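Student: Could you walk me through how to read a model like this one? I'd like the general idea each time, then the case at hand.

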Number of protein chains: 2
Amino acid sequence: MLIALDWGTSSLRAARLDADGNVIEERHSGDGILNVPADGFPAAFQRAVKGWRPGASTLVLASGMVGSRQGWLEAPYCPCPAGPEELAARIAWLPDAPSHVRLGLVPGLCDLQAGVHDVMRGEEVQVFGALELLGRDAGTFVLPGTHSKWVRVRQGRIDSFSTFMTGEVYALLRKHSILARTMAEEDGPLDEPAFLRGVLHARHAGSLLHGAFSARTSSLFGQLSAQVLPSYLSGLVIGEELRAQQLENSGDHLVLVGAPALTHRYQLALGALGVHASCLGAEATWRGLWSLARTLQTSA
Amino acid sequence: MLIALDWGTSSLRAARLDADGNVIEERHSGDGILNVPADGFPAAFQRAVKGWRPGASTLVLASGMVGSRQGWLEAPYCPCPAGPEELAARIAWLPDAPSHVRLGLVPGLCDLQAGVHDVMRGEEVQVFGALELLGRDAGTFVLPGTHSKWVRVRQGRIDSFSTFMTGEVYALLRKHSILARTMAEEDGPLDEPAFLRGVLHARHAGSLLHGAFSARTSSLFGQLSAQVLPSYLSGLVIGEELRAQQLENSGDHLVLVGAPALTHRYQLALGALGVHASCLGAEATWRGLWSLARTLQTSA
């Protein structure tokens with residue numbers, strides 16, 4: 001049995017996997033690391049696995065921000081390029097884990113390009129899981145979110161990656177900027193035409209600093225209603241992320257990993273630019289942690 | 001005598017000019033249109049010109065957001081290309097102005113490019129003033145601010161322009177984003193090396209969505225201190241605005257118009273990219289309104 005934890009900033013997802021990597025049970029709670037006091041991690045863990053009867057023979061692997069300096073125990077970043085072996089070798093094992101389980105915190109990755117660092121925690125596990133689920137060892141993987149990651153894989157190892165603050169900048173513009181004044185208070189369902197209009201304008205605008213102002217003027221000149229403006233802004237911001245990529249080079253290998261509501265938007269946007277992308281969800285995380293567990297067994 | 005008003009969102013500047021366009025007296029208050037009740041414009045005007053004894057022969061010209069739908073009286077946008085003549089012809093004259101003055105609200109400009117509108121209010125007057133002060137009739141004019149404007153002038157008329165939400169996005173990232181967590185609370189004096197590092201990284205990053213994350217990792221890896229991070233972020237955001245320009249085409253005609261603290265940053269950033277720029281301040285607004293007043297006299 002493997003207990004897999006996807007432990008992020010705002011939430012904690014836990015899964016119990018059988019020997020073949022099948023998910024037997026999955027749970028979700030709000031025990032993200034920002035919601036857990038510094039000494040509250042053992043209790044949060046016990047809540048997450050209640051009834052699963054973990055013992056000294058149980059392997060628990062946790063990925064995400066729980067391995068950061070603000071988490072349970074710091075698992076220092078592993079430098080790129082890195083594959084599952086490098087990751088497994090750098091797992092931070094918790095001394096005195098609750099219920100005497102073997103509890104390991106998966107390190108994040110760091111990438112140094114032209115003197116500038118980039119980092120991620122948790123997404124590396126999703127990428128390795130996606131590679132296995134798809135039977136691939138190369139390609140470009142996109143993990144949309146508050147901080148989207150574009151991950152380039154060669155020969156089964158993460159070669160390099162780049163972060164885009166897309167979700168966070170969307171939320172800032174949506175809630176705190178002048179653009180918020182002419183938008184409906186609640187995000188309605190996605191308006192696809194407005195979204196795609198935003199995606200295409202982002203390419204033309206050349207920078208979000210310029211493109212975003214069109215959300216204001218589209219309202220001023222009555223071209224877009226308050227209801228569809230959030231979809232347009234979403235298209236502008238996601239379109240900006242796509243504008244910055246060398247899409248012609250990644251073409252047929254693009255894989256989106258994340259929550260369906262978000263990967264669907266990226267799939268739509270990429271489709272409008274003529275790029276095909278397939279989608280994976282939470283299963284990539286569980287498969288990634290399970291694959292790490294196997295790597296540990298074979299290297300033990 | 002001309003009374004010139006630069007009446008914006010958050011502040012009101014007033015100047016009394018003699019027949020040669022010299023500023024006799026200048027005042028500044030917080031009576032921006034957002035701080036004045038809908039029926040409070042006459043009183044705010046009287047406060048601004050107190051003691052200047054305006055009468056039926058006095059010409060008052062006001063530029064800025066005071067001519068917007070949320071202002072005193074709407075002066076609808078004038079389409080580009082537009083010169084002082086088009087602007088003068090579309091001035092909105094206030095019926096029943098206080099003290100029987102002739103009070104005109106200068107229209108803003110709008111520019112339609114590929115189905116997308118751009119707008120400005122007030123900057124057009126600064127540009128026409130700058131042209132006169134410099135004895136020019138062409139060039140690229142940059143007006144940095146909450147919403148920076150890049151204005152292209154040919155044969156004395158504004159041909160087209162583009163807005164960049166640079167100042168606003170800086171403030172959002174500075175105060176409300178994850179980047180704020182590792183920054184000193186107060187902006188200290190500009191740290192030039194950190195600022196220029198940001199400018200150069202912005203060019204390399206290709207999009208602010210990506211580049212901004214380097215403010216986080218530079219802190220994480222101890223490369224930049226909390227004190228200099230605001231300067232670095234400022235460089236990233238201004239650098240992003242510059243990245244999106246065709247600087248090689250505007251080269252020797254670049255003129256910065258605005259508050260010295262801001263135009264100085266742009267001058268530094270442009271210098272690092274090998275582009276020379278000269279600076280003008282508030283004098284451009286007064287000269288622009290004075291020049292409009294003359295246009296009115298000759299066309300009367």
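Student: How many of the 300 residues of chain A count as buried?

Tutor: A residue is buried if 20 or more other C-beta atoms lie within 10 Å of its own, exposed if 12 or fewer, and partly exposed in between, with C-beta atoms placed from the backbone. By that test, 51% of the 300 residues of chain A are buried. Keep in mind that this is a predicted model, where local features need pLDDT of at least 70, side-chain atom pairs count only at pLDDT 80 or more, and totals for chains, interfaces and linings use all residues. Residues are numbered from 1 along each chain as its sequence is written, and chains are lettered from A and ligands numbered from 1 in the order in which they are written.

Student: What secondary structure is there in chain A?

Tutor: Helices (H or I, at least four residues) and strands (E, at least two) are DSSP runs, numbered from the N terminus. Chain A has eleven helices and 14 strands. Its radius of gyration, taken over C-alpha atoms, is 20 Å, close to the 19 Å from the globule rule (2.2 Å times the number of residues to the power 0.38), so chain A is as compact as a globular protein of that length.

Student: How many residues does each chain give to the contact between A and B?

Tutor: Chain A gives 34 residues and chain B gives 34 residues. On the side of chain A, the largest share, five residues, comes from H4(A). By class, that side has 15 nonpolar (Ala, Val, Leu, Ile, Met, Phe, Trp, Tyr, Cys and Pro), 14 polar (the others, Gly among them) and five charged residues (Asp, Glu, Lys and Arg).

Key: Contact = placed C-beta atoms within 7 Å.
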